[in-house]
Amino acid sequence: MQSDQSTEVHEPIKAVPVRHPGRWVAGLVLLVLLAMVTNTIVSKIPKQNGQPGTQWRYGWDLVRQLIFSAPYANAALLTMWLTLTAMLVGIGLGLVIALFRLSPNPLLSGTAWTYTWFFRGTPVIVQIFFWYNIASIYPTLGVGVPFGTVYWHLNPITLISGFVAAAILGLGLNEAAYMSEIFRAGMLSVDRGQIEAAQSLGMPHTLTQRLVVLPQAMRVIIPPTGNEVISMLKTSALAGLVGLPELFYQYQGTAANTFQNIPPLIAISLWYLLITTVLSIGQYFVERHYRRGVAGVSQRRFGGYVLSSVFKPRRRGGMWDVTSDSVLVPHR
Amino acid sequence: MSTPVAQSPSFVSEDASRPPMVLAQDVRKRFGRLQVLRGINLAVEAGTVTCIVGPSGSGKSTFLRCINHLERVDAGRLSVDGTLVGYRMRRGKLYELTDRQICKMRADIGMVFQRFNLFPHLTALENVTVAPLRVRRPPFSFRHPIRSHHARRAFKEEVRREAADLLERVGLADKSSSYPSQLSGGQQQRVAIARALAMKPKLMLFDEPTSALDPELVGEVLDVMRGLAADGMTMIVVTHEMGFAREVGDALVFMDDGEILESGAPRDVLAAPSNPRFQAFLSKVLT
């Protein structure tokens with residue numbers, strides 16, 4: 001028999017681990033429920049007499065027919081294009097509004113506040129329909145002397161009343177209100193000392209914002225912006241209501257023609273899921289870019305592990321190297 | 001009570017043709033109802049090191065921040081190298097400076113902060129080069145595109161070279177591609193000093209440069225500052241390091257409650273402090 005001392009120091013502890021019967025029961029129940037749902041998804045509807053049926057409960061044959069058909073694929077492209085364009089409008093205008101809001105000029109900050117108040121306070125669908133019908137209150141748009149001569153004008157029926165413009169304006173201007181708040185939060189999160197350091201080096205205001213504040217604010221700005229992009233992808237379905245042939249519009253068409261609702265819904269859902277997945281991967285890389293110079297274990301999140309192992313085959317100890325100073329150093 | 005300027009002729013401008021680097025005359029500053037500076041009179045000659053000591057809340061950091069206009073002065077006159085800080089005198093009237101003019105003035109004054117304030121998204125070298133590259137770089141000229149392009153490229157190379165030299169001077173030549181988060185506090189503060197020096201300032205302000213450091217890291221920063229003083233840099237140092245003040249300082253200023261209560265050559269005032277509040281302060285600090 002060993003002495004007490006050596007047991008204390010060298011022997012790893014051998015103890016009976018705590019049992020968790022509750023976990024096993026809950027897991028089993030969940031497994032059974034999951035099996036039942038899966039069974040309905042992958043099975044055909046049985047006939048009245050109990051014979052195996054020929055009709056998929058989820059209409060997989062129709063889903064397969066629809067999903068890569070030309071109208072659906074084009075609709076998916078249009079949805080992506082609409083999302084990106086509306087987001088670009090939202091991000092560009094949102095940044096301007098955020099800078100206005102943080103400006104010491106009360107006229108500018110007041111304007112920005114009012115903008116956010118209005119566009120955040122009315123439903124997107126109302127805004128889209130508003131832009132769709134704008135020509136009824138402003139039949140022409142012109143450039144000239146205020147309250148005076150108009151030198152150049154155009155017919156907004158061609159510009160605004162098009163459903164494309166209405167959708168982009170409605171989605172983009174609404175998004176700008178939300179993005180401006182995200183930008184503002186990001187810029188306020190940057191330490192005041194950073195601005196003072198830049199000022200003490202003689203950097204003017206705009207240069208300080210561009211070189212010091214925004215790059216650091218980006219770390220705070222990117223995650224909610226990723227959320228907004230994905231949210232926009234789904235909100236863009238509203239554009240179908242003013243006749244833009246995107247995914248939801250295609251569903252409506254198919255449902256009206258075939259009286260089948262679930263299969264086209266599944267088809268467009270799969271498209272939405274696919275695009276969301278691609279966007280999430282993109283977000284991971286953008287976040288990694290703006291994480292430059294920030295060390296800390298908190299950076300290693302589950303998604304980070306999964307994605308880095310998928311997209312960056314193991315190089316020396318994964319995404320981060322641990323140096324002798326036990327400081328986390330990003331890979332070069 | 002006589003003003004500190006009159007008290008200590010050793011660092012008052014004798015030569016009227018050459019103004020002192022920093023001249024404060026009855027400088028006052030209040031934050032809301034709190035009077036932070038109650039009339040500061042001080043002259044700092046070019047090439048000297050002035051250490052400002054005093055209990056926390058005595059207004060020493062505020063005074064330092066007034067010198068490069070991070071805080072605006074409420075009353076009195078403050079000038080650096082003969083030019084008024086933050087204002088311009090024209091036809092007997094004071095005009096506020098524009099943002100651009102203030103930046104131009106600040107570019108000649110280096111500042112080192114207690115919390116380093118390095119830019120965390122830039123490497124040590126980028127931290128040092130970013131300001132000269134963006135602020136000092138000659139503009140592109142459309143009248144002489146080729147010549148100005150070459151001038152700009154040469155300038156960029158020169159800034160890089162000088163930045164590398166500066167990092168070597170503060171002993172961090174091997175850390176130029178490290179991010180601030182990978183450096184110790186002392187190393188970060190040395191990069192911050194190099195960053196300020198990269199603008200080739202005529203005056204350096206240090207706001208408690210060693211107060212946020214672990215004790216064993218204080219020495220390396222003080223060594224860099226000592227070297228800077230030996231090279232003839234004009235420095236104003238807000239500090240609690242009495243040893244540094246005694247050894248390197250040409251003048252020691254004691255501030256309390258927004259006033260300068262005692263000033264003079266460090267050895268003299270530390271050996272025989274006359275003001276009772278300074279005596280009390282020293283007895284707490286020097287134990």
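**Helix packing and chain contacts in a predicted model**

Helix 4 of chain A passes helix 5 of chain A in a left-handed crossing. A crossing is left-handed if the near helix is turned anticlockwise from the far one by less than a right angle, and right-handed if clockwise. On the side of helix 4 of chain A, the contact (heavy atoms within 4.5 Å) is made by A:Leu93, A:Ile97, A:Phe100 and A:Arg101. Helix 5 of chain A contributes A:Leu108, A:Ser109, A:Ala112, A:Trp113, A:Tyr115 and A:Thr116. By class, this contact of helix 4 with helix 5 of chain A has seven nonpolar, two polar and one charged residues. Ala, Val, Leu, Ile, Met, Phe, Trp, Tyr, Cys and Pro count as nonpolar, Asp, Glu, Lys and Arg as charged, and the others, Gly among them, as polar.

The model is predicted: local features need pLDDT of at least 70, side-chain atom pairs count only at pLDDT 80 or more, and totals for chains, interfaces and linings use all residues. Residues are numbered from 1 along each chain as its sequence is written, chains are lettered from A and ligands numbered from 1 in written order, and side-chain values use heavy atoms, without hydrogens and water.

Helices (H or I, at least four residues) and strands (E, at least two) are DSSP runs, numbered from the N terminus. The axes of helix 4 (residues 70–101) and helix 5 (residues 106–121) of chain A come within 7 Å and cross at roughly 130 degrees. Helix 4 of chain A is therefore oblique to helix 5 of chain A. Axes are lines fitted to C-alpha atoms, for helices over the stretch in contact, and angles run from 0 to 180 degrees between N-to-C directions. Angles under 35 degrees count as roughly parallel, over 145 as roughly antiparallel, 65 to 115 as roughly perpendicular and the rest as oblique.

Helix 4 of chain A also packs with helix 11 (residues 247–258) of chain A, at about 150 degrees and with axes 8 Å apart. The two are therefore roughly antiparallel. A:Pro71, A:Tyr72, A:Ala75, A:Ala76 and A:Thr79 of helix 4 meet A:Leu247, A:Gln250, A:Tyr251 and A:Thr254 of helix 11. Six of these residues are nonpolar, three polar and none charged.

Helix 10 (residues 205–235) and helix 12 (residues 262–290) of chain A pack at about 175 degrees, their axes 10 Å apart. They too are therefore roughly antiparallel. The contact residues include A:Met218 and A:Ile222 of helix 10, and A:Ile275 and A:Leu279 of helix 12. The contact divides into 12 nonpolar, four polar and two charged residues.

Between the chains, 27 residues of chain B contact 28 residues of chain A. The buried area (accessible area, 1.4 Å probe, that two parts lose on being put together, summed over both) is about 2,300 Å², with 58% from carbon and sulfur atoms. One salt bridge (a side-chain nitrogen of Lys or Arg within 4 Å of a carboxyl oxygen of Asp or Glu) is counted between chain B and chain A. B:Arg65 pairs with A:Glu196 in a salt bridge, with the closest N and O atoms 2.7 Å apart.
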